[in-house]
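Hi,

Here is the structure I promised to pass on to you. Have a look at it first, and my notes on what turned up follow below.

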Amino acid sequence: MSNSTVSGDDPNWDPDEHVRFARYRRAFDEVGPADAAALITRVLTDPDKGMANSAVCEYLGRRAAELLTDPGYPSWCLEMAGAIAGDDFSARRLDEWTLLRTMTMSELWNAEDLVTASDWLQLHASEKSSATAVLEVLAESGRTRRIRNIAKSRLSAAQRSRPAGPAR
């Protein structure tokens, strides 16, 4: 994939967004870390913004999940933030991955950030997080009934599996 913008002037242009999306997915599967930001920048020039966002966010999600607890996450995130500057949807998704990392790493986080996060992040956190504080927030204030129920169920299971304290 060349470094120019995506347009009908490109000899590899295909008017079918499904074909372009498949090409972008293959390109993201093959891209090395050093070239990822340039590929993201190029894909985001596609005239079909929704499709381009989907391709970019799929890549960001895969890499963020791989790097979630890795010490290299902050520098990767900074590089990606530069590549997606100006694309609000991708920027929000990257911010949400960063919040998920913060919660996963037991760093300080703000409950309001989780309460106002997208359904995607709330659902992901309710299904994957083992942090009691995360599950408590989502059980009480999750955006959908499904999120609240999953969080309540997982919170209840986590509380049952805790060892009992000392006898008094």
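Predicted model: local features only at pLDDT ≥ 70, side-chain atom pairs only at ≥ 80, totals over all residues.

Let me start with α1 itself, which runs over residues 17–30. The N-terminal end of α1 is capped by D16, with a side-chain oxygen 2.7 Å from the backbone nitrogen of H18.

α2 is mostly covered, with six of its eight residues buried. Those residues are A36, A37, L39, I40, R42 and V43. Their cover includes α1, α3 and α4 (73–83).

I40 deserves a look in your viewer. Leaving aside residues up to four places away in sequence, I40 touches F28, V56, Y59, L60, M80, A83 and I84. I40 also belongs to the largest nonpolar core, which has 43 residues, and it is listed with F28, Y59, W76 and M80 as having the most contacts inside that core. At least two residues of this core come from each of α1, α2, α3, α4, α5, α7 (119–128), α8 (132–141) and α9 (145–161). α3 gives the largest share of the core, at eight residues.

**Charged pairs**

How many salt bridges does a search of the whole structure find? The search finds eight. As background, side chains of opposite charge can pair when their charged atoms come close.

E96 sits in helix α5 (residues 88–104). In the bridge between R92 and E96, the closest N and O atoms are 3.3 Å apart. These two residues are four apart in α5, or about one helical turn. R93 also forms a salt bridge with E96, at 3.8 Å from N to O. Here the spacing is three residues within α5, again about one turn of the helix. In general, an α-helix has 3.6 residues a turn, so residues three or four places apart point the same way.

Is E96 buried or exposed? E96 has a relative accessible area of 5%, so with buried meaning under 20% it counts as buried. R93 is also buried, at 16% relative accessibility, whereas R92 is partly exposed at 41%. Beyond its neighbours up to four places away in sequence, E96 touches A117, S118, W120 and L121.

One further pair is R146 with E127, whose side chains meet in a salt bridge of 3.7 Å, N to O. R146 belongs to helix α9 and E127 to helix α7, so this pair ties together parts that are 19 residues apart in sequence. R146 is exposed, at 52% relative accessibility, while E127 is partly exposed at 35%.

Best wishes

Terms used
Residues numbered from 1 in each chain as written. Heavy atoms only, no water. Expected span 1.5 Å × (residues − 1). Polar contact = N/O pair within 3.5 Å; in protein donor to acceptor, adjacent residues only side chain to side chain. Buried < 20%, exposed > 50% of the residue type's maximum accessible area, 1.4 Å probe, protein only. Contact = heavy atoms within 4.5 Å. Core = buried A, V, L, I, M, F, W, Y, C linked by side-chain atoms within 4.5 Å. Salt bridge = Lys/Arg side-chain N within 4 Å of Asp/Glu carboxyl O.
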